[in-house]
Amino acid sequence: MIKSHQHYSSPALSATETLDETSVAGYMNADFITVPATMTVNHAREYLLSQLKTDEIPTRVFITADDYHLRGTLSVKKLLQCDERDKAVGVMMDHSYFQVSPDDDRNDVAHLLGKGGLDVVPVVANNTLVGVLGEREIARLVEDENTEDAQRQGASLPLDKPYLETSPWALWRKRSVWLLMLFVAEAYTGNVLKAFEDQLEAAIALAFFIPLLIGTGGNSGTQITSTLVRAMALGEVSLRNLGAVIRKEVTTSLLIAVTIGLAAWVRAWIMGVGMEVTLVVSLSLVAITVWSAIVSSIIPMLLKRLGIDPAVVSAPFIATFIDGTGLIIYFKIAQQVLGI
């Protein structure tokens with residue numbers, strides 16, 4: 001391991017020991033090399049070589065002041081290739097660098113590090129270097145965050161252990177709460193069907209297409225939500241881009257709606273349900289797909305604005321919401337077209 005000449009009994013580091021495992025402190029590596037800004041290139045090389053205990057060579061050393069406050073970073077390659085042996089390393093260091101705090105939330109840092117391009121990131125507390133995130137730490141942090149987001153998008157709390165090490169009892173606890181919440185939310189779909197019971201009895205063929213309609217609306221919403229949540233995580237879109245997002249998704253949904261609407265027309269015609277019901281199904285699919293695009297564009301951004309992680313509730317709850325509202329759209333169109 002690479003050994004540092006810093007002492008880690010500092011208050012800056014001690015303060016991180018109580019942080020939860022989702023903070024940067026839970027991932028940072030305390031093995032790194034620092035050299036004072038006044039040290040010469042020749043002495044810095046000798047010191048670097050003296051600290052190498054394995055074949056692993058760091059990509060950067062960290063330049064500090066006498067009080068161990070971080071002043072800059074220096075590429076090891078640049079240090080080894082320098083011909084001016086008596087030159088101070090402080091003259092060569094990079095003053096511009098990306099840094100994080102040990103109490104920074106993993107979620108926020110992962111979104112920045114996930115863009116790539118960084119092989120080592122200093123962790124700084126009170127201007128003092130207390131750790132680093134190397135390539136392995138960055139990869140593990142980003143992977144853990146992506147795994148948690150994937151689990152939350154499936155309406156399940158993140159697992160504390162690898163899947164095969166997690167007991168059925170633990171899986172039940174992680175999943176049952178969300179499933180019960182979704183169960184309650186889905187209950188209003190039954191209320192919608194009850195409210196339009198007369199229309200169903202008057203045109204029983206309408207019931208044949210309910211799974212198709214609510215499934216299409218939910219699937220369309222899930223596609224948009226997954227794309228949008230990821231774009232928000234990468235910082236590509238925010239609430240101020242809401243208008244542009246809605247325009248883009250509505251335009252896309254219109255193209256998709258026409259495609260699916262034609263497919264629904266063919267499907268209804270093959271089933272021989274009559275031209276009027278065929279028209280109802282086709283128009284409903286177009287309307288539900290566009291409605292799904294609007295809802296799926298707005299809700300994730302509003303959740304983010306309210307401080308709620310959109311990855312947690314967006315996809316399952318949007319699908320549930322569109323199920324019920326999609327049925328209302330379907331039966332309202334049926335009332336107008338069929339006169340029932």
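Hello everyone. Let me start with a crossing of two helices: α9 and α11 cross in a right-handed way. Before I go on, please keep in mind that this is a predicted model.

So how do we talk about such a pair? Two packed helices are described by the angle between their axes and by the distance between those axes. Here, helix α9 covers residues 210–233 and helix α11 covers residues 275–305. Their axes come within 8 Å and cross at roughly 30°. Angles under 35 degrees count as roughly parallel, and α9 and α11 are therefore roughly parallel to each other.

Which residues of α9 meet α11? Follow along on the structure with me. On the α9 side we find Leu212, Leu213, Thr216, Gly217, Ser220, Gly221, Ile224, Thr225, Leu228, Val229 and Met232. On the α11 side, the partners include Val281, Leu285, Ile288, Ser292, Ala293, Pro300, Met301 and Lys304. And what kinds of residues make up this contact? They divide into twelve nonpolar, ten polar and one charged.

Now let's step back to the whole chain. The protein chain has twelve helices and five strands. Of its 340 residues, 46% count as buried. If we take contacts between residues at least 6 apart in sequence, 70% of them join residues at least 24 apart.

Next, a word about the record. An unreviewed UniProt entry lists residues 177–196, 202–229, 250–271, 277–299 and 311–331 under "transmembrane region". We can look at two of those spans in the model.

Phe183 sits in helix α7, which runs over residues 168–195. Is Phe183 buried or exposed? Exposed counts as over 50% relative accessible area, and Phe183 is exposed because its value is 62%. Thr320 is 137 residues away from Phe183 along the chain, yet their C-alpha atoms are separated by 9.2 Å.

Now for some loops. Where is Asn126? You will find Asn126 in the loop between β4, residues 121–125, and β5, residues 128–133. Asn126 has a positive phi of about 55°, although it is not a glycine. With 64% relative accessibility, Asn126 counts as exposed. Asn127 is found in the loop between β4 and β5 too. Phi of Asn127 is near 70°, again a positive value in a residue other than glycine. At 52% relative accessibility, Asn127 counts as exposed.

My last stop is His95, in the loop between α4, residues 89–92, and α5, residues 106–113. His95 has a relative accessible area of 57%, so it is exposed. Which residues does His95 contact, leaving aside its neighbours within four places in sequence? The partners are Arg71 and Gly90. His95 and Gly72 are 23 residues apart in sequence, while their C-alpha atoms are 4.8 Å apart in space.

If you keep one picture from today, let it be α9 and α11, roughly parallel to each other and crossing in a right-handed way.

Terms used
Residues numbered from 1 in each chain as written. Predicted model: local features only at pLDDT ≥ 70, side-chain atom pairs only at ≥ 80, totals over all residues. Heavy atoms only, no water. Axes fitted to C-alpha atoms, helices over the stretch in contact; angles between N-to-C directions. Helix = DSSP H or I, 4+ residues; strand = E, 2+ residues; numbered from the N terminus. Parallel < 35°, antiparallel > 145°, perpendicular 65-115°, else oblique. Left-handed = near helix turned anticlockwise from the far one by under 90°. Contact = heavy atoms within 4.5 Å. Nonpolar A, V, L, I, M, F, W, Y, C, P; charged D, E, K, R; others polar. Buried < 20%, exposed > 50% of the residue type's maximum accessible area, 1.4 Å probe, protein only. UniProt positions renumbered as here; feature names shortened; annotations may be inferred.
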